[in-house]
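Hello,

Here is the structure we talked about. Please open it alongside this note; what I found follows below.

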Amino acid sequence: MVGEMETQRTFDLALTINGKPWSGKVPVEETLLEFLRDRLRLTGTKRSCESQVCGACTVLVDDQAISACGYLAFEAHGGSVLTIEGLASGNDLDPLQQAFIRNVGSQCGYCTPGQIMAAKALLLENPTPTREEIAEWLSGNICRCGAYPAIAASILEASRQGPGR
Amino acid sequence: MLFPLRLLRPTTVAEASGELARLGERARLYAGGAELLPLLRHRLIEADCLIDIKPIPSLNRIAWDGSRVRIGAAVTHRRLETAPVTRERLPLLASAESQVANIRVRNQGTLGGNLCFNDPHSDPATALLVHEATVAVAGAGGERRMALGDFLVGMYATALGPDEILVEVEVPPLPPGWGGAYLRVHRFQRPTVGVAAAAKLRDRRLEGARLAVGCVGPKAQRLGELEARVQGLPGTEAARVIGEAKGYLRGLLQPVDDLLGSADYKLHITSVLLGRALSQALESNVTGSG
């Protein structure tokens, strides 16, 4: 037989956020989205559908795209979280950010951080995607303004510049 | 916002099952959370404790045992989509997994969670039925195995007992010379219709065919009667028989009108996709090696 296990209400979390270490206690039920926006005031990551459908809260954990709304913060323990705030290097924007600006890859801009982070995950895995591969990968990132052609053009252009930092 | 939750992180199946028995319905098994967290958020289920089964090493394995690919319940959709062993030996399943939801859900969601939740609008079960997969579940009474079709009891319902955990899914490749295809139609995140077909021709006639449909009925199902009807027919004749099988499909699947479409629409799409999947299965020579 197995003895009773101790349940925990908080988690001693240690991780890096945009390259900087962070450690502290978080409630078990705290989502990564709440952790980023409410605890760290990193509000570039957007809250929208809260059901892993729209992609507005896309961030990278160990280079993998996830929905911060549906991901408990403790799951990132020991890992490396990258948000839109961590993409630029000082004043040097990531090639994706530059390409989105040049191509006007957004209208209202609400979905843009999620679009760029999803694209970042794609380029880390596949630095030279085709337009079809981009469309397939970003099919879960919704833009209600319908800026899809410019979003795809931005990612294609960034990919030709080679990987960002 | 989620209600306050407590966390348990067992490292063996016996520990997890013991805690599940002790805590009852207030505790829920937690793997990827892709299905569970939205339910908790929307208060559709009440629970105050998560039993995280990802730290159990055996649940994270994908292994070839000489006749089957054995997939731990906590393996993510993304791993099944990309792992060499599934791409080579189970291309039909890898194809279905590559179409699940979106890249974020595939990175996080697990095969075990998907099957245990048994949402009718799902992809993997349909592909696995055509593979004639079996599942292993474990609880206080020990481990037992059953066909996936018996595990999937009905809409959101499985054969799992209150202290039981889905441990592993065992998937044999299609028999030598068979081809397979998984096709779906989706307007939203979850598929409206998903079909899987596997078949082999011999002397231009169907030596065998396996057909399954998901999303249209309360659970993914094999179409045994239709499989028997098309056996021995030339491919084009089989496609005609499938096209005329709407009455059979309606009786078996009992589709309903909903936001994804009318029952008639779903039946029409089902028969069209089944015909296409069968012809793609017959054209494909990437059956995976047995």
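Two strands count as paired if DSSP finds at least two bridges between them. Bear in mind that the model is predicted.

Chain B, around strand β13

On that basis, β12 (residues 193-202) of chain B pairs with β13(B) through 9 bridges. The two strands run antiparallel. B:R202 stands opposite B:R205 in β13(B). The strands β12(B) and β13(B) make a hairpin, with 2 residues between them. In that turn, B:D203 has a positive phi of about 50 degrees.

β13(B) also pairs with β14 (residues 221-222) of chain B. Here 2 bridges join the strands, again antiparallel. B:A212 faces B:R222 of β14(B) as its opposite residue. This hairpin has 6 residues between its strands. B:C215 takes a positive phi there, near 80 degrees.

Is β13(B) enclosed or open? Of its 10 residues (205-214), 7 are buried, so the strand is largely enclosed by the rest of the structure.

Chain A, two domains

Chain A is divided into domain 1 (10-86) and domain 2 (95-160). Their C-alpha centres lie 21 Å apart. In the contact between them, 14 residues of domain 1 of chain A meet 13 residues of domain 2 of chain A. On the domain 1 side, β3 (58-61) and β4 (64-67) of chain A are the elements that give two or more residues. β3(A) gives the most, with 3 residues. That side of domain 1 of chain A holds 7 nonpolar, 5 polar and 2 charged residues.

Best wishes

Notes:
Residues numbered from 1 in each chain as written. Chains lettered and ligands numbered in written order. Predicted model: local features only at pLDDT ≥ 70, side-chain atom pairs only at ≥ 80, totals over all residues. Buried ≥ 20, exposed ≤ 12 C-beta atoms within 10 Å, placed from the backbone. Helix = DSSP H or I, 4+ residues; strand = E, 2+ residues; numbered from the N terminus. Domains from an automatic or database assignment. Contact = placed C-beta atoms within 7 Å. Nonpolar A, V, L, I, M, F, W, Y, C, P; charged D, E, K, R; others polar.
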